[in-house]
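Biologist: Can you put the model up and take me through the inside of it? I would like to start with the pockets.

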Amino acid sequence: MRAEGRSRGEESVDPLRGKLMQLKSRGCNLLVTGAVSESVTARATQRLLGSPVEDRKRLVTLTEAPTRGVDARLPIGVSADDADVRVVERRRADRSTAERAGHDVSDGDTELRRLERDISRAIDSFDDGSGFAPSELRLSVDSLGTLSETYETPQVCGFLRRVCDVVEDRKGMGHYHLSLPDDSPRVDQFEHVFDARIELRQREPYGPEQRWHVPGYGTTGWIQI
């Protein structure tokens, strides 16, 4: 029987809210799935990088898209040139490694280790010595699709675990896009690395929607982004 004074809607929302608050307070990493357009991915990224009126340290990691696409992923009013925004590009990192080594870099672990190091250094550059408040650090990685097509699955999983540890150590929130249907076998290969999963879809006339898959809670209903 329901507790007096609480609606059925409140009963269903409270456990989820508590679980999400727990994830935010200790740090978490989220896998974002769904075969959606780049504009829907960008809209979800804007939300996950945090409100523009809140103090956030935002790091956008691009594995394929050029830097000119960064501003579309940032919350309205936030620019890639802002002091609290960093951008890491995989292709630039790979190219510079190859140039310094004087030969083609073919070892996937070497390339992913470099990308991991660039992400860690960018995060460290935010820290003025006082550390990070819970969920102050926000990381976006777009996309895992490119990495999974370029490197072996164990290599990508190892990279993800290491980056996720860096984010959680700073009580941050990371999200990682994999623009494939949520029931894709590739999603199954990576979901165990993450704390929860956000599934995106787009349908008319409702526009972009999301639902969460949260261990210990289950799956939410669809809500507009």
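Predicted model: local features only at pLDDT ≥ 70, side-chain atom pairs only at ≥ 80, totals over all residues.

Biologist: What volume does the largest pocket have?

Modeller: About 470 Å³. A pocket here is an open set of points on a 1 Å grid over the protein atoms alone, where a 1.4 Å probe fits, with protein on both sides within 12 Å along at least five of seven lines; lining residues have an atom within 4 Å of a point. The volume is the space filled by probe spheres set on the points, and points are joined across faces, edges and corners.

Biologist: Which residues are closest to its centre?

Modeller: Leu20, Arg47, Leu48, Gln210 and Trp212, out of 18 lining residues. Helix H1 (8–26), strand E1 (28–33), helix H2 (38–48), strand E7 (207–214) and strand E9 (223–224) give two or more residues each. H1 gives the most, with four. Helices (H or I, at least four residues) and strands (E, at least two) are DSSP runs, numbered from the N terminus.

Biologist: How does the lining divide into nonpolar, polar and charged?

Modeller: 11 nonpolar, four polar and three charged. Ala, Val, Leu, Ile, Met, Phe, Trp, Tyr, Cys and Pro count as nonpolar, Asp, Glu, Lys and Arg as charged, and the others, Gly among them, as polar.

Biologist: Now the core. Which residues touch the most other members of the largest one?

Modeller: Ile119, Leu144, Leu160, Tyr176 and Phe194, in a core of 30 residues. Helix H6 (153–169) gives the most to this core, with eight residues. A nonpolar core is a set of buried Ala, Val, Leu, Ile, Met, Phe, Trp, Tyr and Cys residues joined through side-chain atoms within 4.5 Å. Buried means under 20% relative accessible area, exposed over 50%, partly exposed in between (1.4 Å probe, protein chains only). Apart from this core lies another of 16 residues, including Leu23 and Ile225.

Biologist: What does Ile119 touch?

Modeller: Leu59, Thr61, Val88, Leu139, Phe159 and Val163, leaving aside residues up to four places away in sequence. Contact means heavy atoms within 4.5 Å. Ile119 is among the buried residues of H4, as are Leu112 and Phe126.

Biologist: How far apart are the end C-alpha atoms of H4?

Modeller: They are 28 Å apart, which agrees with the 27 Å that its 19 residues should span at 1.5 Å a residue. The expected span is 1.5 Å times one less than the number of residues.

Biologist: Switching to the backbone, which peptide bonds are cis?

Modeller: The bond from Asp142 to Ser143 is cis, with omega near 5 degrees. Another cis bond joins Glu204 and Pro205, with omega about 0 degrees. Ser143 sits in the loop between strand E4 (137–142) and helix H5 (144–150).

Biologist: Which residues have a positive phi without being glycine?

Modeller: Ser135 has a phi of about 65 degrees, and Lys171 one of about 55 degrees.

Biologist: Are those two buried or exposed?

Modeller: Ser135 is buried, with a relative accessible area of 5%. Lys171 counts as partly exposed, at 39%.

Note on methods
Residues numbered from 1 in each chain as written. Heavy atoms only, no water.
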